[in-house]
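Hello,

Here is the structure I promised to pass on. Please open it and keep it beside this note while you read.

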Amino acid sequence: RMIKNELDMPYVPRDLEEKLSELLRKLDDEEHKRPYVSDEQIESFLFKDEQHQLLAVAALDKKNLRNEIPLCKRFLASKGSVNAKALLIDSLIRQEIDHQFLYEDDKRQLFFNPKDLQEVTKTECFIGTNKRLTEYYLKEPSKLKLAQQLLYKELLLFLPQIVDRKESKNLAKKIEEFIDQAFA
């Protein structure tokens with residue numbers, strides 16, 4: 001999903017685009033080799049460890065989630081993996097599911113409707129922060145790439161809440177400090 005998001009960016013250098021496309025083809029080949037996850041397995045995997053939850057969410061991503069609303073509701077209201085829940089919410093948003101869900105984790109509990117949310121890469125916060133990061137790492141494309149990945153992950157994990165555009169500056173600064181410290 002992250003590779004597809006990168007390929008959807010307004011400007012992707014040709015060499016990077018070729019590498020990403022090749023990687024996407026390899027991943028697609030690997031996916032065809034993966035064992036099929038049945039409906040029963042999806043349900044049981046959702047309530048196991050994080051690795052099983054991620055497999056189940058990946059399988060759900062390929063399904064029409066309108067037919068899986070009760071299962072999605074149970075999982076999002078459970079004490080499941082925050083990462084798996086974020087990916088499921090992203091799938092619900094992309095499929096424009098019009099249903100009220102309860103999201104619960106250790107820190108928050110809130111109701112949301114995926115139809116009312118935007119894909120992470122289309123939010124004002126992502127666009128504004130990405131612009132700032134692009135200006136900051138203009139001459140360091142590898143750091144920019146890392147910064148964009150961190151930005152995507154940060155906003156994805158914040159779902160179902162929306163980070164306000166006003167936070168772009170703070171978020172960009174946080175990512176810049178993290179990367180600069182890591183490469184110091």
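Glu176 sits in helix H9, which spans residues 168-182. Keep in mind that this is a predicted model. Glu176 is buried, yet it has no salt bridge. Which side chain of opposite charge is nearest to Glu176? It is Arg132, 7.4 Å away. A salt bridge would need a side-chain nitrogen within 4 Å of a carboxyl oxygen. Leaving aside residues up to four places away in sequence, Glu176 touches Arg132, Leu133, Tyr136 and Tyr137.

Next, the overall layout. The chain has 9 helices and 2 strands. Read from the N terminus, the elements run α-α-α-α-α-α-β-β-α-α-α. The radius of gyration is 17 Å, close to the 16 Å that the globule rule gives for 184 residues, so the chain is as compact as a globular protein of that length. Along the principal axes, the C-alpha atoms fill a box of roughly 50 × 40 × 30 Å. Of the 184 residues, 41% count as buried. Take the contacts with a separation of 6 or more: 61% of them come from residues 24 or more positions apart.

Now the rings. A pair of aromatic rings is described by the distance of the centres and the angle of the planes. The structure holds 3 aromatic pairs. One of them is Phe47 with Phe75: the centres are 6.2 Å apart and the planes stand at 80 degrees, so this pair is edge-to-face. The cut-off for that label is over 60 degrees. This pair links distant parts of the chain, 28 residues apart. Phe47 is in the loop between helix H3 (39-45) and helix H4 (50-61), while Phe75 belongs to helix H5 (residues 69-76). Phe75 is buried, at 0%.

Phe101 and Phe112 also form an aromatic pair, and this one is stacked. The distance is 5.7 Å centre to centre, with 25 degrees between the planes. This pair, too, links distant parts of the chain. Phe101 is in strand E1 (residues 101-104) and Phe112 in strand E2 (residues 109-112), 11 residues apart. Both Phe101 and Phe112 are buried.

Last, two charges over rings. Lys85 lies over the face of Tyr103, 5.3 Å from the ring centre. Arg108 lies over the face of Phe158, at 5.5 Å from the ring centre.

Best wishes

Conventions. Residues numbered from 1 in each chain as written. Predicted model: local features only at pLDDT ≥ 70, side-chain atom pairs only at ≥ 80, totals over all residues. Heavy atoms only, no water. Phe/Tyr/Trp six-rings, centres within 6.5 Å; stacked < 30°, edge-to-face > 60°. Helix = DSSP H or I, 4+ residues; strand = E, 2+ residues; numbered from the N terminus. Buried < 20%, exposed > 50% of the residue type's maximum accessible area, 1.4 Å probe, protein only. Lys NZ or Arg CZ within 6 Å of the ring centre and 35° of its normal. Lys, Arg positive; Asp, Glu negative; His and termini not counted. Contact = heavy atoms within 4.5 Å. Rg over C-alpha atoms; globule rule 2.2 N^0.38 Å.
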